[in-house]
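Subject: Structure for your review

Hello,

Here is the structure you were going to look at. Please open it next to this email; the notes come after it.

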Amino acid sequence: MMDRLQALRESVKRAYEGYSWYREKMDEAGISPEDIRSLEDIKYLPFMTKDDLRKGYPWGVTAVDLVDVVRIHCSSGTTGKPTVVSYTKGDIEKWAELMAWCLKIAGLRKDDIFQISYNYGLFTGSFGYHYGAEKIGCCVIPASGGYTERQIELMLDLGTTAITSTPSYALYLAEVLAEKGISPDQLSLRLGIFGGEPWSEEMRAQIEKGLGIIALDCYGLSEIWGPGVGIECPYKEGLHIREDYFIMEIIDPETLKPLALGEEGELVITTLNREATPMIRYRTRDITRLFYSDCSCGLSGLKMDRVKGRTDDMLIIRGVNVFPKQIEAILGSFRELSLNYQLVVGERKHLKRLEVRCELSNGFNGDVDELTQRVSKTLKDKLGVTVDLTILPPGSLERSPGKAKRLVNS
Ligand code: DLL
């Protein structure tokens, strides 16, 4: 295996030579690739941000000759132009290897029938899983996203044993199965690997019950390969990370100062072996913690906590910081509610207000006013701020085949 320092030096050199905007940043900071003499020297390198990547659209984050690019994917940016990330032939092979490692850790086996219910397209999700699963040798069903009836038909007819999608879509699948009167015992499913958006332990419990599976978390982002940055094993004690692929740091998102292992902050990632789109100290905006552990699965090494949320999704309501996932966890503790919810930030009398819209579970026939009072009180007690709660009939809120849209405009 290549020495990590040597890999870092090469990665920095590729970024310096391949991206004019990063060369300018490094020149401004008075640092050159040759100045990196130890892994700790990484802290002198400038960060890369989403804005930097956007400015160079479309080929600003392609550090190799275009003739060596065999694939592009795009980040799922909601505003402005997306970010185009490129892969060489070697990159695709390394991604496949990374994903095969991840999927094996999650427990995927050669004899599995693996349904990929992420959209196939510019999104990285489906392709990453596809390559990894094929490398393991399982039977891949490239179902793609949406068409829920067909997903269920495929699951039943082909005997799908493992599935991957966003957690919110998995929950929706469970909901539709229940509506159709299909119980988890009628399926062959045993394993689900979900990611692409934050999801709470309560959501996990409902997916596991609704689909009759063990549900594991997979983290990643298009700027850094796609899925495959972190993966849970069945012990669910944090996400395993490949240190020969990445250097991970946690910084304080305000002061940008590095934080110690175990401290919570913004995750910053450097790729060590990416050819076409090397990333140096990329600020993910995702909030988590890094730690070393001897995992019960037998693997020792670096791990990350499940992501709490994004710094840009954090709501500040009258001085109190609130992440959507916290609200999800509270709603999930009420059996009377489904886990579909939306958050609307508005203003009343010049004060920021947060409205939480959620739905009743199927079959609820109790007193909605009483339930509203009870849930409102718990939200206030646990969040430390009053929110407006609207409980809607089952099925009122939009379902998405991909990532759920939690924050909506009023
Ligand atoms: O969502 C890549 C991916 C696909 C990861 C499938 C896992 C499974 P993007 O569209 O670029 O790429 O979005 C990346 O989604 O910065 C996080 O904010 C969020 N995210 C991804 N996975 C998780 C997760 C893909 N497991 C952004 N938990 C990231 C929490 C996640 N947030």
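Below are notes on the chain as a whole, followed by notes on single residues.

Please keep in mind that this is a predicted model.

The whole chain

The chain holds 10 helices and 21 strands. Its C-alpha trace spans about 70 × 55 × 40 Å along the principal axes. For 410 residues, a compact globule would have a radius of gyration near 22 Å, and the chain agrees with that because its own value is 22 Å.

Of the 410 residues, 53% are buried. Among contacts with a separation of 6 or more, 65% are between residues 24 or more positions apart. The accessible surface is about 18000 Å², and carbon and sulfur atoms account for 50% of that surface. As for charge, there are 52 positive and 59 negative side chains, and the centres of the two sets lie 2 Å apart.

Backbone points to check

A cis peptide bond joins Tyr 57 and Pro 58, with omega at about 0°. Pro 58 is in the loop that runs between helix H3 (50-55) and strand S1 (71-74).

Two arginines have a positive phi. Arg 281, which is not a glycine, has phi near 50°. Arg 281 sits in the loop between strand S11 (265-271) and strand S12 (282-288). Its relative accessible area is 2%, so Arg 281 is buried. Arg 318 has phi near 45°, again a positive value in a residue other than glycine. Arg 318 belongs to the loop between strand S16 (315-317) and strand S17 (320-322). Its relative accessibility is 32%, so Arg 318 counts as partly exposed.

Gln 151 is part of helix H6, which covers residues 148-158. Gln 151 counts as buried because its relative accessibility is 1%, and the cut-off for buried is under 20%. The side chains of Gln 151 and Gln 115 are joined by a polar contact of 2.8 Å. Leaving out residues up to four places away in sequence, Gln 151 touches Gln 115, Ser 117, Ala 143, Ser 144, Gly 145, Gly 146, Tyr 169 and Leu 173.

Arg 283 is in strand S12. Is Arg 283 buried or exposed? Its relative accessibility is 19%. The cut-off for buried is under 20%, so Arg 283 counts as buried. Apart from neighbours within four places in sequence, Arg 283 is in contact with Phe 47, Met 48, Thr 49, Ile 251, Pro 253, Leu 256, Glu 266, Leu 267 and Val 268.

Partly exposed residues

Asn 321 is in strand S17. At 43% relative accessibility, Asn 321 falls in the partly exposed class. Setting aside neighbours within four places in sequence, its contacts are Met 314, Leu 315, Ile 316 and Gln 326. The C-alpha atoms of Asn 321 and Gly 384 are separated by 9.3 Å, and these two residues are 63 residues apart along the chain.

Lys 380 is in helix H10, residues 368-383. Its relative accessibility is 43%, so Lys 380 counts as partly exposed. Not counting residues up to four places away in sequence, Lys 380 touches Val 385 and Thr 386. From Lys 380 to Lys 236, 144 residues apart along the chain, the C-alpha separation is 29 Å.

Asp 35 is in the loop between helix H2 (20-28) and H3. Asp 35 is partly exposed, with a relative accessible area of 30%. Beyond residues up to four places away in sequence, Asp 35 touches Gly 30 and Asp 41.

Where to start

If you have time for a brief look, begin with the cis peptide bond between Tyr 57 and Pro 58. After that, go to the 2.8 Å polar contact between the side chains of Gln 151 and Gln 115. Then turn to Arg 281, with its phi near 50°.

Regards

Notes
Residues are numbered from 1 along each chain as its sequence is written. This is a predicted model: local features need pLDDT of at least 70, side-chain atom pairs count only at pLDDT 80 or more; totals for chains, interfaces and linings use all residues. Side-chain values use heavy atoms; hydrogens and water are left out. Helices (H or I, at least four residues) and strands (E, at least two) are DSSP runs, numbered from the N terminus. The radius of gyration is taken over C-alpha atoms; the globule rule is 2.2 Å times the number of residues to the power 0.38. Buried means under 20% relative accessible area, exposed over 50%, partly exposed in between (1.4 Å probe, protein chains only). Contact means heavy atoms within 4.5 Å. Accessible areas come from the Shrake-Rupley method with a 1.4 Å probe; for residues, only the protein chains shown count as cover. Lys and Arg count as positive and Asp and Glu as negative; His and the chain ends are not counted. The place of a charge is taken as NZ of Lys, CZ of Arg, CG of Asp or CD of Glu. A polar contact is a pair of N or O atoms within 3.5 Å; within protein, one must be able to donate a hydrogen and the other to accept it, and residues adjacent in sequence count only if both atoms are side-chain atoms.
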